[in-house]
Amino acid sequence: MNNIMKGIPMSVATFIISLALLHCLAFGSKLPPEKGDVLPEIKIPVPVNATDRNYLGLRSIGFFKIPQIKAKVVIIEIFSMYCPHCQREAPEINRLYSIIEGNPDLKDKIKLIGIGAGNSSFEVNVFKEKYNVPFPLIPDVDFSIHKCLGEVRTPYFLGVKINDYGTHQIFYSKLGEFKGAELFLDLMLQLSGLK
Amino acid sequence: MKKCGNLMLVFGMISAFLWSATAFGLSDAFKNNIYNPGILKPIDSVLKVEVGDRAPGFSLPAISGGRISLGRYRGKKNVVLSFVPAAWTPVCSDQWPGYNIVKDIFDKNNAILLGITVDNIPTLFAWTNQMGKLWFPVLSDFWPHGSVADRYGVLRSDGLSERAIFVIDKKGIIRYIGVNNINKRPRLEVLVKELERLEK
């Protein structure tokens, strides 16, 4: 009996985790989110770095969801330190960050975040240091976030508009094709309605 | 009750397998030119060397032209051999581009990286061109097919090589062997840790 009782919590926990995994496998794994959708239920680890937490306006530790970021618009880049395009585009995306942060009308409204598909903390930090990436990069070592976002190729960009009442909507969902910081920012402003 | 617990555990394990088995995070740099072989037997060979052995010597053609031998680095540099199974496949295509941005780590540890596959030179040339300019030599173990992989014991029964890493010190002694699950990319931090141990 004791053995049975000992087995229950682990089995139940495994079951619950499996259900969550299967939810993404069944409903969200093969297609990326589309314009007009809401994001799938993804929990992202809060950055350990205080600068990154402050940038995103997150106070707690543990996990957060994208709509909890203090902003009107969040631009998510799904990247990998192993991706040649992501490496090549890194300086230009840094420039996008600088343009936004240098504009008093935009800096509190638009936030950038990168999710390292299949990358460990170490690997994400290698990328961050190599390219001096100033915005938060989140490791996704087991591809769990990447899975929920449709196993997209990298780099992939998602634009998410966060509404006043805690709801949100995806207004941009596209693979690569980063044609330059100014053009991309202009597109984000137009599509999100910030402009 | 026990049956139910076991059932849930099995269900969980299957889910976890499904979860981990299919994700690649493939770069768009290769567009739609990547062939997906599906999930392969994780390891399909038996090592013929072990840590502490002298590394078997070899001389292989490089995509940059000429041949490169292991012996040329003896007494000069530590050597990392990175065997990847095949060009134009998902995990392999997203392994060396990561090594390409950490030359400083190799330099700091007085090491050179040699990338090896069993593909021929033209295939390797076209494939690695998609990765940008690689700083390390890429060698072809195509003919006699997989002979170097076989000497190290990482040639699979289907003619591919394993996804394997050998760290060889300046004296030519094998200091680390990592034969990874062919379906998964090895963690960079493991290699870096082994490199840092060499110079201590």
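Two strands pair if DSSP finds at least two bridges between them. Helices (H or I, at least four residues) and strands (E, at least two) are DSSP runs, numbered from the N terminus. The model is predicted: local features need pLDDT of at least 70, side-chain atom pairs count only at pLDDT 80 or more, and totals for chains, interfaces and linings use all residues. Residues are numbered from 1 along each chain as its sequence is written, while chains are lettered from A and ligands numbered from 1 in the order in which they are written.

Q: How do you know that β6(B) and β7(B) pair?
A: Six bridges join strand β6 (residues 163–168) of chain B to strand β7 (residues 174–180) of chain B. The definition asks for at least two, so they count as paired. The two strands run antiparallel. B:I168 stands opposite B:I174 in β7(B). The hairpin of β6(B) and β7(B) has five residues between the strands, and B:G172 takes a positive phi near 85° there.

Q: What makes β3(B) and β4(B) a pair, and in which sense do they run?
A: Strand β3 (residues 78–83) of chain B and strand β4 (residues 111–117) of chain B share six bridges, in the parallel sense. B:V80 stands opposite B:L113 in β4(B).

Q: What is the order of the five strands in the open sheet of chain B?
A: The order is β5-β4-β3-β6-β7 (chain B), and the pairing is mixed. The edge strands are β5 (138–140) and β7 of chain B, since each pairs on one side only. The twist averages 20° from one strand to the next. Axes are lines fitted to C-alpha atoms, for helices over the stretch in contact, and angles run from 0 to 180 degrees between N-to-C directions. Helix α7 (residues 188–198) of chain B lies across β3, β4, β6 and β7 of chain B, at about 15° to β6(B).

Q: Why are β5 and β7 of chain A said to stand at the edges?
A: The open sheet of five strands in chain A has the order β5-β4-β3-β6-β7, with mixed pairing. β5 (137–140) and β7 (168–175) of chain A each have a single partner strand, so one side of each is left without a neighbour in the sheet. Neighbouring strands of this sheet are turned by 20° against each other on average, direction ignored.

Q: What joins β3(A) to β6(A)?
A: Six bridges join β3(A) to strand β6 (residues 156–162) of chain A, and the two run antiparallel. A:V74 stands opposite A:V160 in β6(A).

Q: Why is A:H85 called buried?
A: A residue is buried if 20 or more other C-beta atoms lie within 10 Å of its own, exposed if 12 or fewer, and partly exposed in between; C-beta atoms are placed from the backbone. A:H85 has 23 other C-beta atoms within 10 Å, so A:H85 is buried. A:H85 is found in helix α3 of chain A. Two residues are in contact if their C-beta atoms, placed from the backbone, lie within 7 Å. Leaving out residues up to four places away in sequence, A:H85 touches A:P155, A:G176, B:S27, B:D28 and B:A29.

Q: Where is the kink in α3(A)?
A: A kink of about 45° lies at A:A90, shortly before the proline A:P91. The bend at a residue is the angle between axes fitted to the seven residues ending there and the seven starting there.

Q: What covers the buried residues of α3(A)?
A: The cover includes β3 (73–79), β4 (110–117) and α6 (181–192) of chain A, together with α3 (96–99) of chain B. Among the buried residues of α3(A) are A:I93, A:L96 and A:I100.

Q: What makes a nonpolar core, and which residues touch the most other members of the largest one?
A: A nonpolar core is a set of buried Ala, Val, Leu, Ile, Met, Phe, Trp, Tyr and Cys residues joined through C-beta atoms within 7 Å. The largest has 94 residues, and A:V74, A:I75, A:I76, A:I78, B:V80, B:L81 and B:F166 touch the most other members. Its largest share, six residues, comes from β3(A).
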